[in-house]
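With the model open in your viewer, please follow the stops below in order, making each selection before reading what is there.

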Amino acid sequence: MDNNKIVLPVLITKNFVVFPKNSGDDRIDAGREFSVNAINESRDNANSLLLIVTQKDENVEVPTTNDIFEYGTLCRIVSYTDMKGYLRIRVKGSARCKIDELAFDPKGFFSATFETLEDEYGDQKLAQSLYKKCVSSLSKLNDRIPFSSSDFSRNRGEEVDPSAFCDRIANYINLNVNEKIDILKANNVNDRLNLINTFLLRMKAEKEVDQKIEQQVSKSLEKNQKEFILREKMKAIRNELGEGDSTENAPEDILKKLEDNPYPENVKSKIKSELKRYEMMPQASLEASLSMSYIQTLLSLPWFEKSEDIDDINFAKKVLDEDHYGLTKVKERIIEYLAVKKMTGNLKAPILCLYGPPGCGKTSLGKSIARALGRKFFKASLGGVSDESEIRGHRRTYVGSLPGRIIHGMKKCGTINPVFLLDEIDKLSSSYKGDPASALLEVLDPEQNFAFNDNYVEEPYDLSNVLFICTANNLENIPGPLRDRLELINVPSYTEFEKLQIAKNFLFPKQLKTNGLTKKDVAINDDAFLLLIRKYTLEAGVRSLERVIASLIRKIIVERLSNNTTKKVNVTPKVAEKYLGKYYYPNDGKKEENKQIGVVSGLAYTEYGGDLLPIEVTHFPGKGELVLTGKLGDVMKESATIALDYVRANADKYKIDSKIFAETAIHIHFPEGAVPKDGPSAGVAITIAIISSLTNRLVDNNVAMTGEVTLRGKALPIGGLREKSLAALRNGVTTIIVPKDNERDVSELPDEVKNNMNILFMTCVDDAVKVILQ
């Protein structure tokens with residue numbers, strides 16, 4: 001035994017043991033993060049050497065010292081392949097090892113100190129005797145172990161290394177992990193040969209049992225074949241007597257259905273071929289059942305059935321307006337599609353993607369579009385899907401395999417031209433099972449989806465007539481190649497006026513019907529609706545508003561039943577407050593009540609809509625440190641650094657003593673510290689807050705601003721102006737300052753914003769200073 005301690009990266013495997021003196025063909029797929037890090041560390045800093053050990057329980061994802069066997073193998077990596085998601089390596093073992101101490105390296109991998117173990121050779125005559133017994137057993141197991149006895153006996157045993165013989169054979173014997181570890185930790189070669197001989201004898205016994213079972217199965221198959229022939233004769237006799245009943249699984253009925261309907265020729269050929277296989281199988285067998293399921297799936301798919309579109313543009317407008325208020329751009333695009341289709345007689349369906357904050361009607365709009373077109377509708381929720389087979393289906397070789405969601409939806413609709421909603425497409429995730437977003441590339445490409453390949457169906461399927469509509473909250477989470485195939489339509493946040501109209505004309509009647517009331521029982525005036533919108537909800541969409549209205553109606557029902565009265569209830573703001581209790585959002589958001597020093601209202605855009613972002617700055621004696629808090633991303637941290645450096649470089653302009661930067665620590669905080677924040681658009685607001693804090697000048701609390709800042713103090717344009725301006729209006733802000741380059745976006749702002757807010761433009765920080773600092 002070598003007493004010199006060695007430290008190397010450790011690769012921990014599941015149900016796999018590497019033996020020394022192997023042929024270098026041991027392939028390992030590593031996907032766990034610490035395993036990938038160990039391989040990379042080995043290649044970068046350990047001359048491709050690493051220690052491979054096996055964990056005791058394969059279900060443990062992050063093992064500890066107690067979870068692994070103490071014996072392993074010193075190996076060298078001989079090949080390395082990055083499989084995009086995991087690493088595939090081949091290793092060659094060189095020595096047995098015993099672990100002394102396992103540790104987790106700060107770089108993110110396991111390492112260990114260990115001792116290498118040398119082979120101990122005992123009685124040579126005993127070794128030769130055991131070796132010959134092993135070779136004799138091998139000669140009777142040629143069909144189970146890929147070595148013939150001649151591989152080891154051609155030198156008559158004298159020159160064979162019994163240690164290498166054991167290591168090579170151990171890889172091919174059907175052993176569990178504990179048994180393989182017993183072989184690995186056996187220093188004495190004779191002990192190792194004895195173990196191998198025991199296991200080979202066990203395999204011989206198992207083979208004899210298997211042969212006996214095969215003989216019994218052969219007799220059983222002959223019996224099943226006889227039963228098949230008799231069953232067919234009985235079927236013919238029943239048909240002669242007129243007692244035969246036709247079922248949908250009868251081959252004759254399937255062939256008749258194929259001839260009577262215009263199925264594609266390739267589908268007819270596939271079904272006929274599968275029917276021939278089915279007829280040769282025993283009826284009660286699992287394979288026959290799977291084969292018939294496949295045939296029925298092909299038959300039930302819509303290959304030619306098509307619903308007629310309603311080409312009446314006025315009817316489509318009426319339906320879309322009945323179901324949704326606003327959403328002008330989406331409605332215009334559907335009307336354009338209908339108009340062009342009516343003119344040309346045929347048109348490939350567009351691939352639309354509706355994106356915007358939650359609760360703005362993206363999903364329900366899909367149903368309305370289907371109703372307006374007179375088409376079938378199917379919704380596939382993709383949130384959290386991480387398996388490519390969910391899109392493409394499973395191969396038929398697997399028991400319990402099924403088509404993917406696309407083919408399942410087409411089968412359920414029963415037509416080749418439904419409206420197919422792919423909901424929450426930005427919530428897809430990838431895993432070792434594949435990337436479903438990549439699988440959707442074929443589905444959502446008009447140049448490819450006429451021949452979509454599902455792994456289960458195995459025949460190309462035409463999706464070019466399907467109107468695909470995707471929904472998303474955040475476009476940044478959609479991969480670039482997939483986003484490039486989509487026609488993006490923004491579904492923006494609702495204004496207060498739009499929410500009022502939606503509540504009056506859509507949500508309130510819907511909840512009355514749901515709860516068994518009519519307008520003769522309950523009425524809500526506009527002031528009460530506005531109270532619900534302003535004080536009981538704070539959102540971009542109307543989901544919370546609908547829940548609040550539902551809660552109000554339920555409480556009215558309880559009171560009616562408790563007092564046994566049928567008197568109509570007229571809901572005013574006071575009545576609404578009586579039923580719903582104290583306001584959920586009493587302060588109208590986060591606007592400061594008074595003018596403050598070092599506190600500026602910024603504007604943020606999130607996937608849930610716009611929001612007011614208070615920025616607080618203070619300074620105190622220190623050594624020039626910059627402290628940032630509020631769970632900020634890298635871009636936002638850089639914006640704070642740029643803002644401080646700009647103020648420091650222009651200290652004289654703002655009458656700031658330059659010594660203060662060396663003698664003072666500056667702390668910038670973004671409230672709601674548990675909420676992640678990132679992006680450059682708060683740069684100007686941070687700059688103003690720093691200037692205010694260092695000059696003790698008050699900040700106008702009725703002004704909010706947004707804009708990226710540069711080191712020269714320039715204000716760069718930002719995105720999401722509509723959502724940001726609505727958030728400012730919702731929170732009681734009267735003036736917003738935006739970059740001059742965003743002036744083109746102001747024309748698209750709602751009238752509600754333009755009529756009730758003062759929108760000022762800035763080209764640099766100085767323009768904002770003149771307005772907001774007192």
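By class, four nonpolar, four polar and three charged residues make up the lining of the largest cavity in this predicted model. To see that lining, select Glu592, Asn594, Lys595, Gln596, Val599, Val600, Ser601, Val699, Asp700, Asn701 and Val703. Strand S15, residues 599–606, gives the largest share of the lining, with three residues.

Next, select Asn696, which sits in the loop between helix H23 (683–695) and strand S19 (698–699). Its phi is near 60 degrees, a positive value in a residue other than glycine. Most residues other than glycine have a negative phi. Asn696 is also exposed, because its relative accessible area is 54% and the exposed class begins over 50%.

For the last stop, select Ser389 in helix H13, which covers residues 389–392. Is Ser389 buried or exposed? Ser389 counts as buried, because its relative accessibility is 18% and buried means under 20%. If you then display its surroundings, leaving out residues up to four places away in sequence, you will find that Ser389 touches His394 and Gly404.

Technical notes: Residues are numbered from 1 along each chain as its sequence is written. This is a predicted model: local features need pLDDT of at least 70, side-chain atom pairs count only at pLDDT 80 or more; totals for chains, interfaces and linings use all residues. Side-chain values use heavy atoms; hydrogens and water are left out. Helices (H or I, at least four residues) and strands (E, at least two) are DSSP runs, numbered from the N terminus. Buried means under 20% relative accessible area, exposed over 50%, partly exposed in between (1.4 Å probe, protein chains only). Contact means heavy atoms within 4.5 Å. On a 1 Å grid over the protein atoms alone, a cavity is a set of points where a 1.4 Å probe fits but cannot get out, and a pocket is an open set with protein on both sides within 12 Å along at least five of seven lines; lining residues have an atom within 4 Å of a point. Ala, Val, Leu, Ile, Met, Phe, Trp, Tyr, Cys and Pro count as nonpolar, Asp, Glu, Lys and Arg as charged, and the others, Gly among them, as polar.
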